[in-house]
Amino acid sequence: AQTLLDQLLGSSPGRLTAASVHALLGTAGDERVLDLADAVLAGDAARAVALVGDAAERGLQLGELVDQLVDFWRGLMLVAVAGPDAADLSVSPQVGEKLRSHAAGRSLDTVLSGIDVLTTAKARMRGSPHAQVLLEVAVVRLARLDELLPLAQLAEWV
């Protein structure tokens, strides 16, 4: 941790900012994660894939981006389970507002399915030379989750 702090201080002229931390670590800022989540949750797979491509071009660590998306979906789950004032949310006010607005229109099963998609993508990405493709597939699947029929509904039709 101390070595990382030294690197951050050495690479950041003047004040240390969140942007400089994200740049050094190769992680996405809240706005980039929120943009991607917004695209996915709006069902805009083309925009989501383009945002993943942009993140890859900028040299972001795609595995870290998946971790950040898992954290966002965890927040959706907590809000879906505990309501808008979920106690376990440790996010910025901007992220909290997005979580509450997105969770309002989603079923818990859809949110849980999203977490499954993301964690499966993360596991497949380890050691794969196709990390970008795997993340693109994951965001397309996430964007289409609302189109999928619940198993209970299929059983009822049968």
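## Basis

The model is predicted: local features need pLDDT of at least 70, side-chain atom pairs count only at pLDDT 80 or more, and totals for chains, interfaces and linings use all residues. Residues are numbered from 1 along each chain as its sequence is written, and side-chain values use heavy atoms, with hydrogens and water left out.

The term means a side-chain nitrogen of Lys or Arg within 4 Å of a carboxyl oxygen of Asp or Glu.

One of them pairs Asp-54 with Arg-32, at 2.8 Å from N to O. Asp-54 sits in helix 4 (residues 45-57) and Arg-32 in helix 3 (residues 30-41), so this bridge ties together parts 22 residues apart in sequence. Helices here are DSSP runs of H or I with at least four residues, numbered from the N terminus. Asp-54 also bridges to Arg-58, with the closest N and O atoms 3.0 Å apart.

Asp-54 is partly exposed at 24%. Arg-32 is partly exposed at 25%. Arg-58 is exposed at 57%.

## Asp-38 and Lys-98

A further bridge joins Asp-38 to Lys-98, with 2.9 Å between the closest N and O atoms. Asp-38 belongs to helix 3 and Lys-98 to helix 6 (residues 93-104), so the pair ties together parts 60 residues apart in sequence. Asp-38 is buried, at 18% relative accessibility. Lys-98 is partly exposed, at 28%.

## Helix 3 against helix 4

Helix 3 makes the contact (heavy atoms within 4.5 Å) through Arg-32, Asp-35, Leu-36, Asp-38, Ala-39 and Val-40. Helix 4 contributes Arg-47, Ala-48, Leu-51, Val-52, Asp-54 and Ala-55. By class, the contact has seven nonpolar, no polar and five charged residues. Nonpolar covers Ala, Val, Leu, Ile, Met, Phe, Trp, Tyr, Cys and Pro; charged covers Asp, Glu, Lys and Arg; the others, Gly among them, are polar.

Terms used: Helices (H or I, at least four residues) and strands (E, at least two) are DSSP runs, numbered from the N terminus. Buried means under 20% relative accessible area, exposed over 50%, partly exposed in between (1.4 Å probe, protein chains only).
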